[in-house]
Amino acid sequence: MDIYVLVKQVPDPEANVKVKSDVELEIENKYFTNFFDEIAIEAGLKLREKFGGKVTVLTVDNKKVDALRRGIAMGADDAIQITDPALEGSDPFAIAKTLAAYLKDKPFDLILAGRQAMDDDAGIVGPGVAELLGIPHVNMIVGLEIDDPKKELKVVREVEGGKEILSCFLPALFTCQKGLNNPRIPQVMNVMKAMKAQMKKVDLAALGLSAVDVGGQAVKIKVQKYLPPPKRPPVKMIKEDFPENVKQLVKLLKEEAKVI
Ligand SMILES: Cc1cc2nc3c(=O)[nH]c(=O)nc-3n(C[C@H](O)[C@H](O)[C@H](O)COP(=O)(O)OP(=O)(O)OC[C@H]3O[C@@H](n4cnc5c(N)ncnc54)[C@H](O)[C@@H]3O)c2cc1C
């Protein structure tokens with residue numbers, strides 16, 4: 001099977017993020033591969049182990065390629081970085097358009113993506129790519145059963161209080177949800193191999209796109225304002241000793257915090 005996995009590097013949840021201006025964030029330089037994308041990579045690798053073929057990780061990013069390196073370290077065969085200065089200012093639709101332009105001529109069987117990126121959380125890119133390519137897509141899958149890639153396959157989604165089982169034919173795109181698998185931890189040798197791996201770079205001209213199709217000129221969704229979360233009230237220390245401190249805590253939880 002020829003499988004493409006869409007991957008994105010996102011800020012580490014422990015990274016310091018500040019609102020720099022109405023429309024700009026200042027993010028500490030600590031990034032890792034989107035959690036749901038590792039699940040997508042794992043799903044691709046499992047299918048390759050069963051049916052043979054190739055897993056390619058693909059990102060749109062002008063700077064960060066560590067998500068591609070993570071893919072290679074986990075076992076992907078190939079890594080592609082779509083990069084171009086004209087991509088600056090892109091919204092989710094532009095990213096989907098760019099990925100679809102790359103994929104449209106490729107003989108893929110399956111495209112896998114994360115259910116959402118853990119930073120911008122739009123959840124648009126995967127379904128957007130599928131729509132632009134005109135292929136079936138199922139979001140947030142927790143199960144995937146393929147007996148024969150040429151025959152109808154089964155995917156499982158979690159719905160309120162139960163599961164939904166759907167079927168479709170390949171080629172298709174699925175976005176992956178926690179519970180589908182446990183991503184493997186790369187072996188040290190593979191991490192070293194990934195550090196040295198050359199990423200194939202593709203620019204917009206090679207995709208028949210230009211600045212008018214993506215980036216700031218093409219935005220359909222614009223950030224109007226970032227608002228920081230409200231400041232937390234200061235911590236209140238209870239000075240009394242036991243059992244007075246317990247009585248005081250219960251009183252505060254009842255009367256001030258109103259949680260009990
Ligand atoms: C070069 C560049 C410039 C940008 N400039 C701006 C800007 O000026 N202002 C701004 O607000 N935002 C900017 N962005 C962020 C961009 O709008 C978001 O990354 C994009 O909208 C994706 O939305 P999301 O992160 O919510 O992804 P989601 O739709 O939540 O992601 C779901 C899944 O789609 C796939 N995916 C998402 N993004 C990528 C990607 N880049 N490559 C491959 N697969 C992907 C992953 O599998 C991911 O799990 C820029 C991004 C890039 C790459």
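**Core, sheet and ligand shell of the predicted model**

In this predicted model, the largest nonpolar core comprises 58 residues, and within it the most contacts are made by Val5, Leu99, Ile111, Leu112 and Val129. The largest share of this core, 8 residues, is contributed by α3. One of the residues with the most contacts in the core, Val129, touches Ala96, Leu99, Ala100, Leu103, Ile111 and Leu173 when its neighbours within four places in sequence are left aside.

The sheet is open and is built from 9 strands in the order β11-β10-β9-β12-β8-β1-β6-β7-β13, with mixed pairing. Its edges are formed by β11 (162-168) and β13 (200-202), each of which has a single partner strand, so that one side of each is left without a neighbour in the sheet. From one strand to the next, the twist averages 35°. Strand β1 (residues 2-6) runs parallel to β6, to which it is joined by 5 bridges, and Asp2 is found opposite Lys54 of β6. Helix α3 lies across β1, β6, β7 (78-82), β8 and β13, and runs at about 145° to β6.

Around the ligand there are 32 residues, of which Gly114, Ala117, Asp120, Ala122 and Val125 come nearest. Two or more residues of this shell are given by each of α1 (35-51), β6 (54-60), α3 (92-103), β8 (110-114) and α4 (125-133).

Technical notes. Residues are numbered from 1 along each chain as its sequence is written. This is a predicted model: local features need pLDDT of at least 70, side-chain atom pairs count only at pLDDT 80 or more; totals for chains, interfaces and linings use all residues. A residue is near a molecule or strand if its C-beta atom, placed from the backbone, lies within 6 Å of it. Helices (H or I, at least four residues) and strands (E, at least two) are DSSP runs, numbered from the N terminus. A nonpolar core is a set of buried Ala, Val, Leu, Ile, Met, Phe, Trp, Tyr and Cys residues joined through C-beta atoms within 7 Å. A residue is buried if 20 or more other C-beta atoms lie within 10 Å of its own, exposed if 12 or fewer, and partly exposed in between; C-beta atoms are placed from the backbone. Two residues are in contact if their C-beta atoms, placed from the backbone, lie within 7 Å. Two strands pair if DSSP finds at least two bridges between them. Axes are lines fitted to C-alpha atoms, for helices over the stretch in contact, and angles run from 0 to 180 degrees between N-to-C directions.
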